[in-house]
Amino acid sequence: MTVTIQIRNEKPADYRQVEAMTQRAFWNLYTPGCVEHYVAHQIRSHPDFIPELDFVLLAGQQIIGNVMYTRAHLIAENGQTKPCLTFGPICILPEFQRQGFGKRLLQHSFAAAKALGEDSIVIFGDPTNYVTSGLKSCLKFHVSLPDGSYPAAMFVKELTAGALAGHHWQYQGSPAYDIDVEKAQQFNAVGTSLPKKTQPSQEAFYIISHATVTP
């Protein structure tokens, strides 16, 4: 049976379901437990949050994916500041992962962001999740952190070709992602107790998140 796929903006009635889905998707993935579901809960009320780029993906009537965007900034070597986007959390229910739904959701959001006049995206993540969607190493676009380093886990996508050309940029993320870790650990969107455990994906995340690319 063919399942109808729909992508639409998130509605307030979706919030709890999206947070529970996010908790399931990230639980024990990068650390024992996770905080991404609390990030989703918190950023909706932040001024940098962009409701027009908050999407859910449905298979039939079931929400199986979500992506959220906020505003961020890039500062050039001459002091010029320009806005950019960042996204996250992005998640797909575990039983629907590795079937192309995440890529489909991202491509939809890229088109929507470009239609809004946005020209660039900077994110942090696992390269295996993003390079197939057209994101590339931050080094290729001369986008660094304020300390001048180029994290291996920082990626850039130009929605408009050449949008970042001609400058070296420093990325300034949104404070929307600054969370109270204690509150995050206490926030249970699923409603039942999930066991925390250590697994190999956490070590892989530690390695990639601490690695840098050398110019």
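Of the 42 residues in the largest nonpolar core of this predicted model, L53, V67, Y69, F87, F110 and I121 touch the most other members. Such a core is a set of buried Ala, Val, Leu, Ile, Met, Phe, Trp, Tyr and Cys residues joined through side-chain atoms within 4.5 Å, where buried means under 20% relative accessible area, exposed over 50% and partly exposed in between, with a 1.4 Å probe and protein chains only. At least two residues of this core come from each of α1 (15-26), α2 (36-43), β2 (55-59), β3 (62-76), β4 (81-92), α3 (101-115) and β5 (120-124), and α3 gives the most, with six residues. These helices (H or I, at least four residues) and strands (E, at least two) are DSSP runs, numbered from the N terminus.

Not counting residues up to four places away in sequence, F87 touches V67, M68, Y69, L106, F110, I121, I123, Y130, L135 and Y177, a contact being heavy atoms within 4.5 Å. A second, separate core has 15 residues, among them A72, C84, C138 and Y150.

The structure holds zero disulfides, a disulfide being a pair of cysteine sulfur atoms within 2.5 Å. C34 is in no disulfide, and the nearest cysteine sulfur, that of C91, is 9.7 Å away, which is too far for a bond.

| Cysteine | Relative accessibility |
|---|---|
| C34 | 8%, buried |
| C91 | 4%, buried |

Residues are numbered from 1 along each chain as its sequence is written. Because the model is predicted, local features need pLDDT of at least 70 and side-chain atom pairs count only at pLDDT 80 or more, while totals for chains, interfaces and linings use all residues, and side-chain values use heavy atoms, with hydrogens and water left out.
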